[in-house]
Amino acid sequence: MSSFSRTGTDLTTDRLVLRPWSTDELTAVLGDVRLPHWAEDFPAEGDRVIAGVLTEEPDGLNEYGHRQIIERSSGSVVGSIGLFWPPTDGSLEFGYGIVASRRGRGYAPEASRAIVEFALTAPGVHTLHADVELSNPASVRVLEKAGLHRWSDDATTARFRITAPDSRR
């Protein structure tokens, strides 16, 4: 059973919509203009960084690029999640962030499961990976709940990945 449904470019889960960033949203974030459909603490610093990256490198706005995370019950943007395109040797990195006011609700694992499943349908992609600082145990749990497995670490960082079951490596 799929963890999301797709309508146009949107990915919809039980409680969230993962929608590609629009140029208006990027401009608002970078211009410090508040939009009425944003959670009170959106954008977080990571969202500002991503908005800057997407403005400089618009290739990240493709079908398999970055998305805002929208809470279906309120219509509020509560974070972002994205795939760092293009893949390298069939492997693609992803990252995510949920604003502080919406953490602890399971949104990050729900969005991550959807983006992982979706990304593994991309042409030439068989593996997704993410790195997390060991000082952030909540993010470690998000990746585990999303089905990724720790495959290496060092003193500060754990590396997680998931490979498509039908991948021929």
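Let's start at E93. Its bridge partner in β7 is H129. Keep in mind that this is a predicted model. Three bridges hold this strand pair together, linking β6, residues 91-98, to β7, residues 127-133. The two strands run parallel.

Now the helix on the sheet. Helix α3, residues 107-119, packs there, and its direction makes about 155° with that of β6. α3 touches β6 and β7, and its other contacts include β1, β4 at 66-71, β5 at 77-88 and β9 at 157-163.

Zoom out to the whole sheet. How many strands form it, and in what order? Nine, and the order is β1-β2-β3-β4-β5-β6-β7-β9-β8. The sheet is open, with mixed pairing. From one strand to the next, the twist averages 25°.

Next, the largest pocket. The volume is about 790 Å³. Which residues lie nearest its centre? Y96, G97, I98, N136 and S139, out of a lining of 35 residues. Two or more lining residues come from each of α2 (45-56), β5, β6, α3, β7 and α4 (137-145). By class, that lining splits into 16 nonpolar, ten polar and nine charged residues.

Last stop, A155. This residue is in the loop between β8 and β9. Buried or exposed? A155 counts as exposed because its relative accessible area is 75%, and the cut-off for exposed is over 50%.

How values were computed: Residues numbered from 1 in each chain as written. Predicted model: local features only at pLDDT ≥ 70, side-chain atom pairs only at ≥ 80, totals over all residues. Heavy atoms only, no water. Pairing = 2+ DSSP bridges. Helix = DSSP H or I, 4+ residues; strand = E, 2+ residues; numbered from the N terminus. Axes fitted to C-alpha atoms, helices over the stretch in contact; angles between N-to-C directions. Contact = heavy atoms within 4.5 Å. Buried < 20%, exposed > 50% of the residue type's maximum accessible area, 1.4 Å probe, protein only. 1 Å grid on protein atoms, 1.4 Å probe; cavity = no way out; pocket = protein on both sides within 12 Å on 5 of 7 lines; lining within 4 Å. Points joined across faces, edges and corners; volume = space filled by probe spheres on them. Nonpolar A, V, L, I, M, F, W, Y, C, P; charged D, E, K, R; others polar.
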